[in-house]
Amino acid sequence: MVKKKIIVVSLAALMSCVAIVSMTFAAQGRDAKTAVAAASKASGYDNLNSIEFLGSGSEGDAIGQMQSAKAGWVAYQVKNYSRFIDFAAGTSQRNAVRSRPLDATGQLPGGAGLGAASARPDAPQTTTIAATANYTQKLDVTLSPPGFLKLAAAATNATATSQTVGGTRYTVVSFPSTQMAPSGIPYKITGYINDQTNMVDRVTTSVEDTTPFLIGDVVVDQTVTGYKDYQGVKFPSEIVQTRGGVLWTKLAITEVKANGMAPAPLAAAGGAGGAGGARGGGAPGAAQPGAGAPGGAPGGRGAGGGAPAAGGGGGQRGAGGGGAAAVGNRKLGEGIYLITGGYRSVVVEFTDHLVLVEPNQNSATTDLAIAEAKKLVPGKPIRYVINTHNHFDHSGGLRASVLDGQTIVTHEMNKPLYETWFANPRTLAAGGPDELEKSGKKPKFEYVGDKKVMQDAMNSIELYHIKGVVHGEDMLFVYFPKIKMVYESDAYNSGTVDAPMRTGAEIDGFEKQFASEMDRVKVDYTHVIPAHQPNPDREVTKLEFLKRVGRTN
């Protein structure tokens, strides 16, 4: 006898399964045109000609220098913020009162030119985006939910895929922009439309890197949350944007106006409360002549290695990154050489290899330093390159070092960013992929926590983390015990030899912190070697340095 199993399925359960399967196929089968049209209708954007959203928060100012991966790029606090977008005209206007709070430690003094992230008082600013602005300048328009949907609706070659991200099902719509990158290929825009709400939750794109090319194609990722209804128009209550994986902008939106008029400007475009050193001037996204970098490279401490102001003022921290200067060298001790050329590096000879300290500015500068090191000590490979911190003018030559086969030694805070940046494609900048990407070589890293010692029978190097630094939380200084000298970048930029002793409020808080950190780890030093060349060029005595921080011993 053959026994038959009878399976009883309830009608409700069966209908539930059918519904799930139907929803799955519907999500998988939804094309770009259908998804975009549904999202536009659900959001109330079909008849939206212009929009103004208002709020407060922070907005990015410059890529190239960050306090840390967690703290984000250099940014301003903004209040009385509004962004007006005229979709018909293809223009935009942004009003805001911008400021940076005074650093409590005194490391970032107030006033323009005293550091890329130094304090700024409240200042009103209006910036505009023209219809002819470049792609990077239009990012805040393109990545807004209505901006993305209107561009997607107009695209003739948009594609759609179905993805689940964090348990949420999305129709992911992608299309090429009508604007071309410097390499000649179109930018690509991708939006994530929530299948349940039909709202745009996220928009991503990439722009070219100009800071100088360490990041590769800079991923710009904007997420929005907390949609609210404003008389039939739905708009998010929070906007968070990252660039290169680092926080750029975070805005809390409190009011939205549809199909209104542009508000009165707070100031002339690029006027009061300007960009604080960002390339191209004005606020991020402003249509400024010559702009186009993702926020531009900031000005700041250590300007170009140039001469400091009379009376020992020192250079600005962090600026530079221009063309390579003429290279020279000076012997500091047995197997230890200073390499000069505006910015300064050190090469240290070990038994069977060399170590280069600091890949300054860009590949051109670092290539010259590498060649000088190999001329000084022929026959030994440069096995390691020490990078004191992430700022572009002290890390811009890292790709040249990797191409030469050097292992990067940097603080452990940089691990998630550096490894991602080196893996990024380089398709958007003029010229396309660089020599490292063409070579197929992969970077190698060694990370530093509080301290790392590199030594053999011939020489030794000690690396120390400078704790409590606002300028860059990842900052290291390098100690050479054999010659009792310390190499640092940006923590101390020397003035003239006869600069008077500083007291009280005159003392630079960053320099004071650096001195305290050297005391904490008990390095026995007699001289300091600034990465930014002193005027006149020299190794700065401990006495001169201590005078700058109000001490004589």
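Let me start at one residue, Val256, which, leaving aside residues up to four places away in sequence, touches Ile51, Glu52, Phe53, Tyr230 and Phe235. Before I go on, please keep in mind that this is a predicted model, and that what I describe is computed from it. Val256 belongs to strand E13, which covers residues 246-258, and with a relative accessibility of 10% it counts as buried, because the cut-off for that class is under 20%.

If we take the contacts with a separation of 6 or more, 64% of them are between residues 24 or more positions apart.

Now to the helices, and to one pair of them. Two packed helices are described by the angle between their axes and the distance between the axes. For helix H2, residues 32-43, and helix H4, residues 145-154, the axes come within 10 Å and cross at roughly 145°, and the crossing is left-handed. Which residues in H2 and H4 meet? From H2 they are Val36, Ala39, Ser40 and Ser43, and from H4 they are Leu149, Ala152 and Ala153.

Next, the aromatic rings, where the count comes to 12 aromatic pairs. In the pair formed by Phe477 and Phe514, the ring centres are 5.7 Å apart and the planes stand at 70°, and since an angle over 60 degrees is the criterion, the pair is edge-to-face. Phe477 sits in strand E25, residues 476-480, whereas Phe514 sits in helix H10, residues 509-521, so this pair ties together parts that are 37 residues apart in sequence. Both Phe477 and Phe514 are buried, and they also belong to a cluster in which ring pairs link Tyr464, Phe477, Tyr492, Phe514 and Phe545.

The charged end of Arg100 sits over the ring of Tyr76, at 4.0 Å from the ring centre, and the charged end of Lys542 sits over the ring of Tyr525, at 4.6 Å from the ring centre.

I will finish with the backbone. Most residues other than glycine have a negative phi, and most peptide bonds are trans. Lys484 is partly exposed, with a relative accessible area of 35%. Lastly, a cis peptide bond, with omega about 0°, joins Asn535 and Pro536, and Pro536 is found in the loop between strand E27, residues 527-530, and strand E28, residues 540-541.

Notes
Residues numbered from 1 in each chain as written. Predicted model: local features only at pLDDT ≥ 70, side-chain atom pairs only at ≥ 80, totals over all residues. Heavy atoms only, no water. Axes fitted to C-alpha atoms, helices over the stretch in contact; angles between N-to-C directions. Helix = DSSP H or I, 4+ residues; strand = E, 2+ residues; numbered from the N terminus. Left-handed = near helix turned anticlockwise from the far one by under 90°. Contact = heavy atoms within 4.5 Å. Phe/Tyr/Trp six-rings, centres within 6.5 Å; stacked < 30°, edge-to-face > 60°. Buried < 20%, exposed > 50% of the residue type's maximum accessible area, 1.4 Å probe, protein only. Lys NZ or Arg CZ within 6 Å of the ring centre and 35° of its normal.
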